[in-house]
Amino acid sequence: MSAPLAFTIGHGTENDFVILDDPDGTLDLDAATVAALADRRAGIGGDGVIRAVRTRAAGIDAPTGAPEWFMDYRNADGSIAEMCGNGVRVLAAHLRRHGHVTADEFALHTRAGTRTVQIIAVPEQVGGEWSVRVGMGTSRAAQNGRTVQIAGQRLAVTDVDMGNPHAVAFLPADVELADLDLAERPALDPDPEAGANIELVSQRGDHHVAMRVHERGVGETRSCGTGVAAVAVAAAQRAEDTTGAPWTVDVPGGRLQVGWAEDGEVLLTGPARLVADGTLLA
């Protein structure tokens with residue numbers, strides 16, 4: 001960057017982001033700049049970068065009538081991502097805090113389409129916990145013969161499309177979730193051309209699972225909102241549960257709830273925190 005850059009750090013269940021407030025679309029973010037910002041040693045540090053920009057100023061092909069605000073989300077390696085469920089909650093808190101929106105319910109535009117948000121709780125103190133529910137859109141889940149190699153085992157995968165691709169695998173009872181080595185991406189076979197986020201899941205109880213995730217363009221993260229939604233969809237399918245009852249999903253960074261609206265839209269509810277504001281020097 002050639003000039004000082006104001007930023008905010010926020011996270012949703014410890015999935016953390018560098019947030020850039022750019023209402024009029026004046027920032028030029030290339031992949032190298034995003035990767036430098038997300039670098040935890042030489043930059044600010046985060047699992048991704050979110051640019052808060054008005055849709056009309058974002059330089060994207062948005063449909064007529066798209067919501068005012070666009071979530072320009074980039075992975076830590078600078079690659080562009082379609083959606084981020086934790087990031088939407090954090091962005092919603094950021095927009096409300098900065099006065100860009102004043103309503104408790106509003107819509108955001110993403111590369112995966114429009115996402116509705118409902119702010120359930122606003123913290124009384126700066127840095128406190130927000131609670132936000134996100135309408136994640138509808139899901140598509142299928143068994144496509146894909147497998148993942150992990151812990152010396154080859155596990156069947158459920159492919160779930162949440163606006164971005166997920167490969168969900170359920171661990172056998174004798175494999176501990178905490179013991180998995182996710183320093184490297186598990187081998188997915190066949191591997192989709194566009195890649196996929198990989199979720200490994202353990203059953204914890206009735207309508208209750210725990211997961212770890214290896215994200216495209218990032219590596220293992222403490223949480224993944226779209227991944228949590230994908231896991232709940234796959235868990236309900238695996239249990240042949242058509243009741244629409246909510247699922248609790250534990251991630252290393254906390255706990256999230258997934259339910260369904262009457263029209264089948266997946267609803268993700270969880271916390272968001274805005275941790276710090278700062279300025280990156282030139």
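The model is predicted; local features need pLDDT of at least 70, side-chain atom pairs count only at pLDDT 80 or more, and totals for chains, interfaces and linings use all residues. Residues are numbered from 1 along each chain as its sequence is written, and side-chain values use heavy atoms, with hydrogens and water left out.

Select residues 15-21, which form strand 2. Strands (E, at least two residues) and helices (H or I, at least four) are DSSP runs, numbered from the N terminus. Six of the seven residues of strand 2 are buried (under 20% relative accessible area, 1.4 Å probe, protein chains only).

Ile 9 has Val 18 as its bridge partner in strand 2. Two residues lie between the strands of this hairpin, where Thr 13 takes a positive phi near 45 degrees.

Next, show residues 48-54, strand 3, which runs parallel to strand 2 and is joined to strand 2 by five bridges. Ile 50 in strand 3 stands opposite Ile 19. Between strands 2 and 3 the chain passes through helix 1 (residues 31-38) in a right-handed β-α-β crossover (clockwise from the first strand over the helix to the second, with the strands pointing away from the viewer).

Finally, select Ala 35, Ala 38, Asp 39, Arg 40, Arg 41, Gly 46, Asp 47, Ala 76 and Val 218, which line the largest pocket. A pocket is an open set of points on a 1 Å grid over the protein atoms alone, where a 1.4 Å probe fits, with protein on both sides within 12 Å along at least five of seven lines; lining residues have an atom within 4 Å of a point. The volume of the largest pocket is about 160 Å³, taken as the space filled by probe spheres set on the points.

Notes: Buried means under 20% relative accessible area, exposed over 50%, partly exposed in between (1.4 Å probe, protein chains only). Two strands pair if DSSP finds at least two bridges between them.
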